Amino acid sequence: MSPEYDLVVIGAGPAGVAGALSAALAGVNVALVDGAARPGGQYFRHLPEGFHPGRPGALHHGLDRFTRQWEALRERATLLLGHRVWAVERDEQGVSVRCLEGDREERPRTVTGRRLLLATGAHDRPLPFPGWDLPGVLTAGGAQALLKGNLVVAGRRVVVAGTGPFLLPVAAGLAEAGADVRGVFEANGRLGLARHPLLAAGKAGEAAGYAVSLARHRVPYHGRQAVIEAHGEGGLTHVTVARLDRHWRPVSTRTVECDTLAYGYGFVPQLELPVQLGCATRRDADGGPVVAVDAGQRTSVPGVYAAGESTGVGGAVLAEVEGRIAGRTAAADLGRRVGPLPALLRRRERLSAFARALLTAYPVRPGWQRWLREDTLVCRCEEVPLSGVREARELGATDARSIKLLARPGMGWCQGRMCGYAVACLAGENVSAPRRPIAQPIRLGDLAALTRSPLEG
Ligand SMILES: Cc1cc2nc3c(=O)[nH]c(=O)nc-3n(C[C@H](O)[C@H](O)[C@H](O)COP(=O)(O)OP(=O)(O)OC[C@H]3O[C@@H](n4cnc5c(N)ncnc54)[C@H](O)[C@@H]3O)c2cc1C
């Protein structure tokens, strides 16, 4: 049986939508699949039906542009929202994308294509510390998602902590929305951004906007400081903030009262589907694995392309540019005529250099491991404390996988998305690409009812 579509795109964020539209404009028959009910991915979040904020674009630079792309795509492609992809298979004819369609009453559905573009984005990278499992502690991305997607301000008195430039829009957004932001605590030096000439040149305007907003709301921005403990009975009441040395070892501490902590240490690309397909990975500037692609965003697997954060964390604009390149490359590989790429390639090069510089300016330093105590939960889903991880190591476990088999961190609901990075660091190994044959939860009955690939006829 021949595939239904020329190109299946997974992910309706900036990368996937741009990729799908570029290919569709070149005459390619495209299906775009996303697990979410609305397009936009992590950056362009949509408010629930009926919400009409005064300035919908205020929290999303480029929302108008994305909306125009989406409207153009609606007329030219099959859009399959609310389809969670749990596996992808490939044979000589193309790819079979295994989805679960719907909300509570999910139905299995398989979408087939001659080519595949993976644009699955990234998720937050938290680090464990005593008290991170208290109500009131959430990831910076989670706080931002609540604000942008629901107009919900995560708390009244908020501390923002972690590392990287993402802390700035989170703090500025919360302050603008009325929260009393008690401070931003950046674990790396506060001049990390400004000192880097490339960074200063690339995003000076945007950074200045956040700086003005923080100044207007009197939000202090502290460098080389981190939240190393959260306190409270049944809910967050205060945090311990430490001044850090350059390895992130605490030097001195103080207490800051708050009811909410929004924190994050960067992002982890979602690699389950590319790894399932056997796509080669490479190490990004922060040492983490990302999908390796060539100049046209082709992965090492024939007919499979990747774009956006799964090929390296670099922001929504870079994701869109990569998506456009991938869509056009796929169209050209399918025999369609496409416009010239050089200007896009130059733009991608500039933006990726900026992204690499950011990753280098805001590393995660090993001293965070000293923030943990023996009873600190490393894996919240399975409630595995640091002592459990250490015992597994004493039993001979030398990597995150064997620690997981012995002590269970990463075996719970999130499947290691929250604790995987920390466990790998505690095991003393490089973080490796996740090997999950099932990328999203699926009912046993649906799995049992599976037939062969529809492409097999
Ligand atoms: C929680 C969070 C909040 C963020 N907020 C901001 C912000 O406010 N400002 C900012 O500048 N940057 C933010 N970022 C970073 C920003 O989202 C990215 O730079 C940008 O969205 C990357 O675009 P993308 O297309 O690569 O991926 P994404 O925008 O992440 O889109 C990926 C899409 O793939 C879909 N998907 C993934 N896996 C599957 C699957 N198995 N089945 C079906 N669909 C799947 C997802 O539902 C999603 O829609 C945030 C990141 C995160 C993780």
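Where is the place of Gln297 in the chain? Gln297 sits in the loop between strand E18 (289-291) and E19, where helices (H or I, at least four residues) and strands (E, at least two) are DSSP runs numbered from the N terminus. This is a predicted model, so to speak of local features a pLDDT of at least 70 is needed, side-chain atom pairs count only at pLDDT 80 or more, and totals for chains, interfaces and linings use all residues. Residues are numbered from 1 along each chain as its sequence is written, and side-chain values use heavy atoms, with hydrogens and water left out.

Gln297 has a positive phi of about 70 degrees, although it is not a glycine. Most residues other than glycine have a negative phi. Gln297 is also buried, at a relative accessible area of 1%; buried means under 20% relative accessible area, exposed over 50%, and partly exposed in between (1.4 Å probe, protein chains only). Glu383 is another non-glycine residue with a positive phi, here about 50 degrees. Its place is the loop between strand E20 (377-379) and strand E21 (384-385), and with 58% relative accessibility Glu383 counts as exposed.

Now to the ligand. There are 32 residues around the ligand, and Asp34, Val85, Gln144, Lys148 and Glu309 come nearest; a residue is near a molecule or strand if one of its heavy atoms lies within 4 Å of it. Domain 1 and domain 2 each give at least three residues to this shell. At least two shell residues come from each of helix H1 (14-25), strand E4 (83-91), strand E7 (122-124), helix H3 (140-150) and helix H8 (316-333). Sorted by class, the shell has 12 nonpolar, 15 polar and five charged residues. In this scheme Ala, Val, Leu, Ile, Met, Phe, Trp, Tyr, Cys and Pro count as nonpolar, Asp, Glu, Lys and Arg as charged, and the others, Gly among them, as polar.

Some atom pairs can be picked out. A backbone N or O atom of Ala15 lies 2.9 Å from a ligand oxygen atom, and a backbone N or O atom of Gly35 lies 3.0 Å from a ligand nitrogen atom. From Glu309, a polar side-chain atom lies 2.9 Å from an oxygen atom of the ligand. On its own the ligand has 980 Å² of accessible area, and the protein covers 90% of that; accessible areas come from the Shrake-Rupley method with a 1.4 Å probe, and for residues only the protein chains shown count as cover.

What about charged pairs? The structure holds 24 salt bridges, a salt bridge being a side-chain nitrogen of Lys or Arg within 4 Å of a carboxyl oxygen of Asp or Glu. One of them joins the side chains of Asp6 and Arg114 (3.5 Å, N to O). Asp6 lies in strand E1 (residues 5-10) and Arg114 in strand E6 (residues 107-118), so this pair ties together parts that are 108 residues apart in sequence. Asp6 counts as buried at 11% relative accessibility, whereas Arg114, at 41%, counts as partly exposed. Asp6, Arg114 and Arg336 are linked in a network of salt bridges.

Another salt bridge brings together the side chains of Arg84 and Glu106 (2.8 Å, N to O). Arg84 is in strand E4 and Glu106 in the loop between strand E5 (94-101) and E6, so to say distant parts of the chain, 22 residues apart. Glu106 is buried, with a relative accessible area of 16%. Arg107 pairs with Glu101 in a salt bridge, the closest N and O atoms being 3.6 Å apart, and Arg107 is partly exposed at 43%.

Finally, a look at helix H4 (residues 167-176): nine of its 10 residues are buried, so the helix is largely enclosed by the rest of the structure. Just after H4, Gly178 takes a positive phi of about 110 degrees. In strand E4, Val88 is buried too, with a relative accessible area of 6%.

Methods. A polar contact is a pair of N or O atoms within 3.5 Å; within protein, one must be able to donate a hydrogen and the other to accept it, and residues adjacent in sequence count only if both atoms are side-chain atoms. Domain bounds come from an automatic or database domain assignment.
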